[in-house]
Amino acid sequence: MTFDELQEIADIEHEKQSCFKHQINVCIAAGCVSCQSDIVRDVLQKEVERRGLENFVKVKGVGCLGLCTAGPLLMVDGKTMYQGVTAQDASDIIDALEGSPVGRLDCSSQMPFFKRQQKIVLENCGKIDPENIEDYIAAGGYRAMHTALTTMMPSEVIEQVTKSGLRGRGGGGFPTGLKWATVTKSVNHTKYVICNADEGDPGAFMDRSVLESDPHRVIEGMVIAAYATGANHGFIYVRAEYPLAIKRLKRAISQAERMGLIGNNIFDSTCSFDIKIRLGAGAFVCGEETALMSSIEGRRGTPRPRPPFPAESGLWNYPTLINNVETFANIAPIISKGNAWFAGIGTEKSKGTKVFALAGRVKNTGLIEVPMGTMLRDIVFDIGGGIPDGGKFKAVQTGGPSGGCIPEQFLDMPVDYESLAKIGSIMGSGGMIVMDHTSCMVDVAKFFMEFCMSESCGKCIPCRVGTAQMHDILCKITEGNASKDDVLMLEDLSDLVKNSSLCGLGQSSPNPTLSTLRYFKDEYIAHIEDRNCPAGVCKIKTFSNKEVR
Amino acid sequence: MEIKVERASGTKGESAKPAEDRRWQMVDRVMRLHGYQSHAIIETLHAVQESFGYIDTYALNYVAKKLKVPLSRVYGVATFYHFFSLKPAGEHTCVVCKGTACYIKGAEDILNGISEHYGIAPGETTADGKVSVVLARCIGACGLAPAVVYDDEVVGKNTPQTVLDKIGRWTNS
């Protein structure tokens, strides 16, 4: 493959697409597929053929359009958006191509949900066909990889990434450039690049959407990383729970292999790189990097102490670079548009954009991408459209079981790594769950603790035993059988588990409990003293059933 | 290659000769692709589960022998990961997502509804062996919470009633 060949593929694809007068993009990411969008696409295609319009109208399956709650979504000619489309609407949609849009299906693409976003990672989502490499190349794909591999030294690539200020999007926020530089410095013939797509946080689906909507972007980022660090082999560790993402990734890898975009001497450079997929098997702890590598090695996914860090001794004890899906998806734009452009977006210490999965008690649930530093209030009330059914906002939970619940008083806080950490939550991988007055915060804390308890791998005692004890106490509180001493014990245990667990799972497992204790203590008190659940969620037994203690 | 393994009593009678069973050929293919190396355990167990629906003692022994690893290690891996099941599942599966978004929007009510109506908890199968109810940590369909997967079909915005109706159709047929 040469640059001219790449250009030729793009030109042919552009020409093919310009023949069509109209283009109907149907979202075929998992959210819309579960509302039968694939059937809608097929029916539209049949209707186009029935009318003999197949040379004028192109029906294309594309990645996530974002507003999952209103699915199936489709976009006509890049300007008219329809929501809640069913197979019966196909004929009307095609009738409307030459006239005014179908009013009853209209979904304004001018609403704040779409207008307030800034897309870097998701720029191709909803535009290109994720199962077609030519479409990705036509959208400018694999150019950054060509630039990096043929015109830049590995050190220059790392310099670009370092100067861009990109930080790991998996949750920790470690500077990506620094990680790459450490792997580069390790002297070894064999090095690995791993893409962490084990998106285990309940309530998060960013990585899934990126893999389903734009798999080549992640592959491109991985190859650039391999070139920069001198790695030859790559793994994508993806959850088995994401069958559609796995299918599209496999297809993308074989397409890229066929075109010589992964393999030996890519673009006639010194870079040779292959990518294999490894399936997770439903263990949350495998999102932790050392546990993930154990799993790739075919063992139980238990973490090990660090140092040595994977950058020095990782997979099979070789230097290993491990980054999240979204981190890799940011690489190509940084290389093609330059570090200054990227560093110009976001806040002082958190650069670029962040993809969030907005869900829970909010009108517009779906996938969003906003610049770092966007106010929480803007995300929940402007983009998210506020709380449905006249509900009252109570909290927003970020960072999944490792994060915390943020109360109303912090809504005017910019969303970046430091601000979230300051108030006892974390950025996490990007799950954002909005809760209203119908959620009991003690119950939410119990939910997350139950999660951590059952996902604890059992290797270190503070996590294995501590989470179980904390869960017991939280159960006691929600049943109305707790005393004030139990809350003190809960705080003590939180401190212990946080400071003495081996890996991130244990260390961060008390966060939901601690943050709810901090901001919603009145709810705990109500459960203990008044034996009453203010939200009416917990089933507190009446006094007659209570054990006399 | 001759493999001497003990067969678990009463299971997979039809797979007495793995070499002739297409399902075992699938499993063998995965091991061969990985050069029979021990790191292929998880991929192989995925293949077993996909072919047979669950992983029994015979399969654990078979994988251990073929990959030349102790049975204890294969057993350890198979029990560590939630995705692997050592028990046969019902004819249909109903996966209820209990991710945060689904929990906030009433996944617990769905599970309670199932347990009240059929008397089964997640991980169990209805008495007639028709439907297994499984709990998922998060299937990533948070925008459609609460989500339920019927066999391989993801359905969003469920209520306890829609779920019971669907299960009811399976158990009556």
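How many residues of domain 3 of chain A are in contact with domain 4 of chain A? In this predicted model, ten residues of domain 3 of chain A are in contact with 15 residues of domain 4 of chain A, two residues being in contact if their C-beta atoms, placed from the backbone, lie within 7 Å. The domain 3 side of this contact divides into five nonpolar, five polar and no charged residues; here Ala, Val, Leu, Ile, Met, Phe, Trp, Tyr, Cys and Pro count as nonpolar, Asp, Glu, Lys and Arg as charged, and the others, Gly among them, as polar. The centres of the two domains, taken over C-alpha atoms, are separated by 22 Å.

Residues are numbered from 1 along each chain as its sequence is written, and chains are lettered from A and ligands numbered from 1 in the order in which they are written. As the model is predicted, local features need pLDDT of at least 70 and side-chain atom pairs count only at pLDDT 80 or more, while totals for chains, interfaces and linings use all residues.

The domain assignment of chain A lists domain 1 (3-112), domain 2 (141-343), domain 3 (353-436) and domain 4 (441-545), with bounds that come from an automatic or database domain assignment. The mean pLDDT (the predictor's confidence in each residue, from 0 to 100) of chain A is 93, and 99% of its residues reach 70 or more. Over residues 544-549 of chain A, however, the pLDDT is below 50, and this stretch has two contacts in the model beyond near neighbours in sequence.

Chain A meets chain B through 39 residues of chain A and 32 residues of chain B. On the chain A side, helix H2 (30-33), strand S9 (353-360) and strand S13 (431-436) each supply at least two residues; helices (H or I, at least four residues) and strands (E, at least two) are DSSP runs, numbered from the N terminus. That side has 16 nonpolar, 16 polar and seven charged residues.

Chain B contains seven helices and four strands, and 36% of its 173 residues count as buried.

Technical notes
A residue is buried if 20 or more other C-beta atoms lie within 10 Å of its own, exposed if 12 or fewer, and partly exposed in between; C-beta atoms are placed from the backbone.
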